Amino acid sequence: MRVRLPLLVPSLSKDNPVEHRTLVLTNWFFPYQILSWQDAVTQIYTGDATVVAEYDDELRGASVIWKYPAVVRLTSKFKPKRKTKFSRFNVFTRDRFTCQYCFQRKRMSELTYDHMVPRKRGGQTKWDNIVTACKPCNSLKGSKTCDEAGMFPRVLPVRPKSLPLVSPVRDLSRAPAEWHDFVRPYLPAYA
Ligand SMILES: [Zn+2]
């Protein structure tokens, strides 16, 4: 479908750079991709996305004044096709780099993953049997089941909705301030 956009002309100045990029979130607020503001505006016009946060700078059209979209969220029309691959990093991301037993957010190097049903007892290395654990909690639980150890994860693990789970933003210091609240939960502590 071709969509005609109103002509939006960024007023150029030193304080008003045109390279504003837009962070796109999934319908469930997962950081999904980074687009040019032009592409993000197209998504808003086609109804594929809604604005979540704006930059202060304005875009001027003949009859409209917009602010550059800083963060948009895809509407429920959006259906991801790829399945989420199982990986250590994706498990940590799903669990927001938080030990599911003591609920502390940690650095990557302080985390490991725990088999809820231990491998020796037939537990598999799959999305629904693996949770993020800090090393002390992991060794405390040892080769016991959750029942035996009396340790239960905060959230029962599931395969995340099919998506590449890695956030497109890996370094908060390079991201615009408007993105931080949406990206921070998916980065390791101290990142
Ligand atoms: Zn822990």
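**Entry 1: conventions**

I count two strands as paired if DSSP finds at least two bridges between them. Helices (H or I, at least four residues) and strands (E, at least two) are DSSP runs, numbered from the N terminus. I worked on a predicted model, in which local features need pLDDT of at least 70 and side-chain atom pairs count only at pLDDT 80 or more, whereas totals for chains, interfaces and linings use all residues. Residues are numbered from 1 along each chain as its sequence is written.

**Entry 2: the chain as a whole**

I listed the elements and found five helices and seven strands. From the N terminus on, their order is β-β-β-α-β-β-α-β-β-α-α-α. For burial I used C-beta atoms placed from the backbone: a residue is buried if 20 or more other C-beta atoms lie within 10 Å of its own, exposed if 12 or fewer, and partly exposed in between. On that scale, 28% of the 191 residues of the chain count as buried. I then turned to contacts, where two residues qualify if their C-beta atoms, placed from the backbone, lie within 7 Å. Among the contacts between residues at least 6 apart in sequence, 62% join residues at least 24 apart.

**Entry 3: strand β5 and its partners**

I looked up the pairing of β5 (65–74). With β4 (49–61), β5 pairs in the antiparallel sense over eight bridges. The two strands form a hairpin, with three residues between them. Opposite V72 in β5 I found V51, and opposite V71 in β5 stands A53. With β2 (21–25), the pairing of β5 is parallel and runs over three bridges. There, V24 has V72 as its bridge partner in β5.

**Entry 4: nonpolar cores**

I searched for nonpolar cores, meaning sets of buried Ala, Val, Leu, Ile, Met, Phe, Trp, Tyr and Cys residues joined through C-beta atoms within 7 Å. The largest has 23 residues, of which L23, V24, L25, V71, W179 and V183 touch the most other members. Two or more residues of this core come from each of β2, α1, β4, β5 and α5 (180–183). The strand β5 gives the most, with five residues. A separate core of twelve residues includes F97, M116, V131 and C137. Returning to L23, I set aside its neighbours within four places in sequence and found contacts with P31, I34, A70, V71, W179 and F182.

**Entry 5: helix α1**

Which residues of helix α1 are buried? In α1 (residues 37–45) they are W37, A40, V41 and Q43. They lie on the same side of α1, because they cover an arc of only 160° around the axis, the arc being that of the directions from the helix axis to the C-beta atoms. As background I noted that an α-helix has 3.6 residues a turn, so residues three or four places apart point the same way. Just after α1, G47 takes a positive phi of about 80°.

**Entry 6: the loop between α2 and β6**

I examined the loop between α2 (88–94) and β6 (111–115), where R96 lies. Phi of R96 is near 55°, a positive value in a residue other than glycine. F97 is found in this loop as well, and F97 likewise has a positive phi of about 55° although it is not a glycine.

Is R96 buried, partly exposed or exposed? R96 counts as partly exposed because 16 C-beta neighbours lie inside 10 Å. F97, in contrast, is buried, with 23 other C-beta atoms within 10 Å. R107, also in the loop between α2 and β6, counts as exposed, with 12 C-beta neighbours inside 10 Å.

**Entry 7: C134**

I located C134 in strand β7 (residues 130–134). C134 is buried because it has 22 other C-beta atoms within 10 Å. Which residues does C134 touch, not counting those up to four places away in sequence? They are C99, C102, Q104, K106, E110 and L111. I also took two C-alpha separations. C134 and F103, 31 residues apart along the chain, are separated by 9.2 Å. For R107 and C134, 27 residues apart along the chain, the separation is 9.3 Å.
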